[in-house]
Amino acid sequence: MRDELGDRIRANPKYQELVSKRNSYSWMMTIIMLAVYYGYIVLIAFNKEFLAQKLGSGVTSIGIPIGVGVILFTIIITGIYIRRANTEFDALKEQVIKEATK
């Protein structure tokens with residue numbers, strides 16, 4: 001019974017659409033996140049002088065807010081992915097399950 005249900009799910013065009021959309025979206029988000037993270041690392045490696053510049057007359061350098069920005073970007077991009085997963089991807093998943101269990 002389990003294999004038959006799995007076969008019906010895999011044969012459903014909406015399942016193929018779900019897998020395709022989810023995979024391409026995941027890869028796009030991964031590439032964006034890696035570009036931001038490794039961009040910051042490259043900046044640390046090759047432009048220390050820029051990151052060492054002081055903000056105002058305090059002791060905080062410009063690298064600190066940029067690092068915090070990378071962390072905040074990670075949180076934001078995760079929220080964007082979760083929102084899409086909970087709406088579009090879950091709706092497609094429910095349609096596939098409904099059609100497979102008819």
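**Labels and the rules behind them**

Mentor: Let's start in helix 1 (residues 2-11), which holds both Glu 4 and Arg 8, four residues apart, or about one turn of the helix. Helices (H or I, at least four residues) and strands (E, at least two) are DSSP runs, numbered from the N terminus. Bear in mind that this is a predicted model, where local features need pLDDT of at least 70 and side-chain atom pairs count only at pLDDT 80 or more, while totals for chains, interfaces and linings use all residues. Residues are numbered from 1 along each chain as its sequence is written, and side-chain values use heavy atoms, with hydrogens and water left out.

Trainee: What makes Glu 4 and Arg 8 a salt bridge?

Mentor: The rule asks for a side-chain nitrogen of Lys or Arg within 4 Å of a carboxyl oxygen of Asp or Glu. Between Glu 4 and Arg 8 the N to O distance is 2.8 Å, so the pair qualifies.

Trainee: Why is Glu 4 called partly exposed?

Mentor: Buried means under 20% relative accessible area, exposed over 50%, and partly exposed in between (1.4 Å probe, protein chains only). Glu 4 has 45%, so it is partly exposed. Arg 8, at 32%, is partly exposed as well.

Trainee: Which residue does Glu 99 form a salt bridge with?

Mentor: Its partner is Lys 14, the closest N and O atoms being 2.9 Å apart. Glu 99 lies in helix 4 and Lys 14 in helix 2, so this pair ties together parts that are 85 residues apart in sequence.

Trainee: How do you know that Tyr 25 and Tyr 81 are stacked?

Mentor: Rings of Phe, Tyr and Trp (its six-membered ring) pair if their centres lie within 6.5 Å; planes under 30 degrees apart count as stacked, over 60 as edge-to-face and the rest as tilted. By this rule the count comes to four aromatic pairs. In one of them, Tyr 25 and Tyr 81 are 5.8 Å centre to centre with 15 degrees between the planes, so they are stacked. This pair links distant parts of the chain, with Tyr 25 in helix 2 and Tyr 81 in helix 4, 56 residues apart.

Trainee: And why are Tyr 81 and Phe 89 called tilted?

Mentor: Their ring centres are 6.4 Å apart and their planes meet at 55 degrees, so the pair is tilted. Tyr 25, Tyr 81 and Phe 89 form one aromatic cluster.

Trainee: Why does Tyr 25 count as buried?

Mentor: Its relative accessibility is 9%, which the cut-off of 20% places on the buried side. Phe 89, at 4%, is buried too, whereas Tyr 81, at 27%, is partly exposed.

Trainee: Which residues make up the largest nonpolar core?

Mentor: There are ten in all, among them Tyr 25, Met 33, Tyr 40, Val 70 and Phe 89. Helix 2 (13-46) and helix 4 (63-100) each supply at least two residues of this core. A nonpolar core is a set of buried Ala, Val, Leu, Ile, Met, Phe, Trp, Tyr and Cys residues joined through side-chain atoms within 4.5 Å.

Trainee: Which residues is Val 70 in contact with?

Mentor: Contact means heavy atoms within 4.5 Å. Leaving aside neighbours within four places in sequence, Val 70 is in contact with Met 33, Val 36 and Tyr 40.

Trainee: Last one: is Ser 61 buried or exposed?

Mentor: Buried, because its relative accessible area is 17%, under the 20% cut-off. Ser 61 lies in the loop between helix 3 (48-52) and helix 4.
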